[in-house]
Amino acid sequence: MTQYQNRSIVLSKRPQGELQDGDLTLETNPVRELKDGEFLIQVLWLSLDPYMRPRMNDTESYVDPVAIGAVMAGETVGRVIASKTPKYSVGDIVTSYSGWQEYYIANENEAMIYTVQPDGVPLQAFLGVAGMPGRTGYCGLTYVGKPKAGETVVVAAASGPVGTVVGQTAKQLGCRAVGIAGGPEKCRYVVEELGFDDCIDYKQGNLLENLKSACPKGIDVYFENVGGEVTKAVAQLLNKGSRAPICGYVSAYNSEDIGKVETPFHIFGALAEPPEHRFFVVTEWQDQHQELTKLLAEQVRSGQLKYRESVAEGLENAVDAFKGMLKGKNFGKQLVHIAD
Ligand SMILES: NC(=O)c1ccc[n+]([C@@H]2O[C@H](COP(=O)([O-])OP(=O)(O)OC[C@H]3O[C@@H](n4cnc5c(N)ncnc54)[C@H](OP(=O)(O)O)[C@@H]3O)[C@@H](O)[C@H]2O)c1
């Protein structure tokens with residue numbers, strides 16, 4: 001046994017609808033000794049992402065559900081603090097799918113572990129706009145949305161890490177970028193700080209009318225993050241030949257039976273002229289991981305790519321932060337700070 005005690009958050013019960021006390025529980029266990037080929041990561045930052053909620057259900061999707069009793073899945077950035085492999089050295093900074101815990105024993109052959117070269121970029125940005133959500137926004141927009149200069153791109157959850165990258169990339173490509181976000185403060189930020197052309201507060205009412213005025217030439221690319229009422233309004237304004245990359249639909253993630261939810265596929269499928277639409281997963285472009293991480297990190301470093309973060313302090317506050325994120329209490333990328 002090593003000198004370390006590991007605190008982890010474990011899926012104890014499958015939530016029915018919104019998370020309840022006792023669904024996710026905190027455990028403490030000693031960290032065992034490393035075997036040959038292993039290394040020990042001390043987690044510094046944990047990323048909280050909407051996809052984690054569907055993974056708590058007992059339903060098959062493109063990834064397996066988290067097993068009862070298992071550490072909740074998630075990506076982190078951490079520091080190697082012990083190593084029995086020449087591949088990783090003490091002091092290396094890595095992103096890994098360690099899950100919601102403070103220490104993680106990784107194997108040298110494990111996939112999806114990447115060494116980070118921060119060069120002035122804050123480490124946690126590699127979980128946000130320069131990480132998985134950033135690559136999601138970039139790839140979904142450019143490869144599935146295929147925007148052309150002069151077109152109108154709409155994205156909801158616009159102040160979050162995916163939406164932030166979608167809108168700013170759309171602007172770089174010469175498009176009109178219109179965000180949708182919850183509340184006046186987020187909308188102001190999306191326009192004034194992120195540089196979108198407009199942002200509609202979907203909580204204010206009159207969504208369709210407001211979207212119409214923000215998109216006088218209709219909508220060419222709708223980057224789907226949320227589903228529900230937002231999608232229904234957008235669907236009425238889609239131009240002929242429009243594209244809708246379906247990234248996720250967070251408004252349904254707390255549903256008791258996600259299989260019965262009206263999804264964007266139902267909404268678009270019912271249109272006389274549906275947009276070109278498909279669900280995509282960021283790992284489709286896993287071969288571009290390093291190249292895209294570099295591109296986005298450079299934009300962060302230069303100040304070109306702006307973003308915001310909501311930080312919960314300590315693993316003990318992760319569950320509340322996660323619950324809040326699904327309701328929009330986060331403002332920007334939701335992180336948990338675990339250690340320095
Ligand atoms: N396909 C992939 O590979 C992939 C990868 C990463 C992420 N995603 C998806 O991308 C989407 C955005 O992820 P993110 O990490 O950037 O999340 P995020 O924006 O940090 O957090 C989720 C946001 O969704 C908004 N929201 C919640 N309920 C809503 C509702 N009923 N109607 C409208 N908006 C609602 C809230 O923002 P407001 O306060 O503005 O409402 C909330 O802050 C999610 O659907 C996620 O599952 C997909």
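Guide: By the rule used here, the count comes to 1 cavity of 30 Å³ or more. This is a predicted model, in which local features need pLDDT of at least 70 and side-chain atom pairs count only at pLDDT 80 or more, while totals for chains, interfaces and linings use all residues. Residues are numbered from 1 along each chain as its sequence is written, and side-chain values use heavy atoms, with hydrogens and water left out.

Visitor: What makes a set of points a cavity?

Guide: On a 1 Å grid over the protein atoms alone, a cavity is a set of points where a 1.4 Å probe fits but cannot get out. Points are joined across faces, edges and corners, and the volume is the space filled by probe spheres set on them. For the largest cavity that volume is about 30 Å³. Its lining residues, which have an atom within 4 Å of a point, are Val129, Ser159, Gly160, Pro161, Thr164, Tyr307, Arg308, Gly332 and Lys333.

Visitor: How many residues of each class line the largest cavity?

Guide: The lining has 3 nonpolar, 4 polar and 2 charged residues. Ala, Val, Leu, Ile, Met, Phe, Trp, Tyr, Cys and Pro count as nonpolar, Asp, Glu, Lys and Arg as charged, and the others, Gly among them, as polar.

Visitor: What makes a set of points a pocket instead?

Guide: A pocket is an open set with protein on both sides within 12 Å along at least five of seven lines. The second largest pocket has a volume of about 280 Å³. Of its 18 lining residues, the closest to the centre are Gln117, Phe126, Gln290, Thr293 and Lys294. Helix H8 (289-302) gives the most to this lining, with 7 residues; helices (H or I, at least four residues) and strands (E, at least two) are DSSP runs, numbered from the N terminus.

Visitor: Why do E10 and E13 count as edges of the sheet?

Guide: Two strands pair if DSSP finds at least two bridges between them. The open sheet of 6 strands has the order E10-E9-E8-E11-E12-E13, with parallel pairing. E10 and E13 (276-279) each have a single partner strand, so one side of each is left without a neighbour in the sheet.

Visitor: How do you know that E9 and E10 pair?

Guide: Strand E9 (residues 176-181) and strand E10 (residues 198-201) are joined by 4 bridges, and the rule asks for at least two. Gly179 stands opposite Cys199 in E10.

Visitor: Why is the crossover from E9 to E10 called right-handed?

Guide: With the strands pointing away from the viewer, a right-handed path from the first strand over the helix to the second runs clockwise. The β-α-β crossover through helix H4 (residues 184-192) is right-handed.
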